[in-house]
Amino acid sequence: MGNSINPHLERAEKSGVCQLNDMGISQFPPQLLKLTKNLRTLDISKNKLTLIPPSIGSFLQLKSLTINHNRLGTIPNEIEDLKKLETLSLTNNNITCFPSSLARLTSLRKLLLSGNKLKAFPTQVCQLKNLDFLDLSQNMIACVPDDVGQLQAEELNLNQNQISSLSDSLAECPRLKVLRVEENCLPATAFTKKIFEESRISTLAVDGNLFEMKQINLQPGYDKVIS
């Protein structure tokens, strides 16, 4: 692997962008540590990584980190040191939970966590003040907790989970405009009058749940949401 990634590292040293996709990498390349001062974008998708080392916190200039389609189970606490990180994409891994330090990614705007093994809504994300887009689709989340009312995102994707209940606190999300909950286990009654009438949601995607659309059309306040 060492020789095969060297050309990529040389280019990255000049451009600040490193892409190491589909290269059979099973360990985080230690050679990358030479780029901690200037690397802005790192993509190590479609490899065999099982962990991210604590040294990830050394990449202080990193704005975009993509490690999709690997075998990650956890995320190190040192992720909190990436104060300039705006996009974090960890889709299609084996992640079951996140450290509390995730909440300290103060510049994060896009967080993509689809296709993992999350059983609970990661409430740490509700403390991300600059978050615009959150994708938690294709996990095993069972409910949306009351903490969600602090979520700053404009779009929340919860498609293809196991959600059977929603918190009325969704109505308190200050910027939430798009809510996607397709292919879950929701009854029509999960969508309360408060969610419809007091939220900022203008796009609601609900196909593939435990009701027909005509049932949700009859829910009090539904006419306030443009779906």
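Contact is taken here to mean heavy atoms within 4.5 Å. The structure is a predicted model, in which local features need pLDDT of at least 70 and side-chain atom pairs count only at pLDDT 80 or more, whereas totals for chains, interfaces and linings use all residues. Residues are numbered from 1 along each chain as its sequence is written, and side-chain values use heavy atoms, with hydrogens and water left out.

By this contact criterion, and not counting residues up to four places away in sequence, N70 touches I44, S45, K46, N47, K48, L49, N92 and N93. N70 is placed in the loop between β3 (64-66) and β4 (87-89), where strands (E, at least two residues) are DSSP runs numbered from the N terminus. With a relative accessible area of 7%, N70 is buried (buried means under 20% relative accessible area, exposed over 50%, and partly exposed in between, for a 1.4 Å probe and protein chains only). The side chain of N70 also reaches the backbone nitrogen of L49, at 2.9 Å.

The strands form an open sheet of 9 members in the order β1-β2-β3-β4-β5-β6-β7-β8-β9, with parallel pairing, two strands being paired if DSSP finds at least two bridges between them. Because β1 (17-19) and β9 (203-205) stand at the edges, each with a single partner strand, one side of each is left without a neighbour in the sheet. The twist averages 5° from one strand to the next, with axes taken as lines fitted to C-alpha atoms and angles running from 0 to 180 degrees between N-to-C directions. Strand β8 (residues 178-180) runs parallel to β9 and is joined to it by 3 bridges, and L179 stands opposite L204 in β9.

A further loop, between β5 (110-112) and β6 (133-135), holds K117, which is partly exposed at a relative accessible area of 40%. Leaving aside neighbours within four places in sequence, K117 is in contact with N94, I95, T96, N139 and M140. K117 and T96 are 21 residues apart in sequence, yet their C-alpha atoms are 4.9 Å apart in space.

The structure holds 0 disulfides, a disulfide being a pair of cysteine sulfur atoms within 2.5 Å. C126 is in no disulfide, and the nearest cysteine sulfur, that of C173, is 7.4 Å away; C126 counts as buried, at 2% relative accessibility. C143 is likewise in no disulfide, with the nearest cysteine sulfur, that of C185, 12 Å away, and C143 counts as partly exposed at 36% relative accessibility.

Conventions. Helices (H or I, at least four residues) and strands (E, at least two) are DSSP runs, numbered from the N terminus. A polar contact is a pair of N or O atoms within 3.5 Å; within protein, one must be able to donate a hydrogen and the other to accept it, and residues adjacent in sequence count only if both atoms are side-chain atoms.
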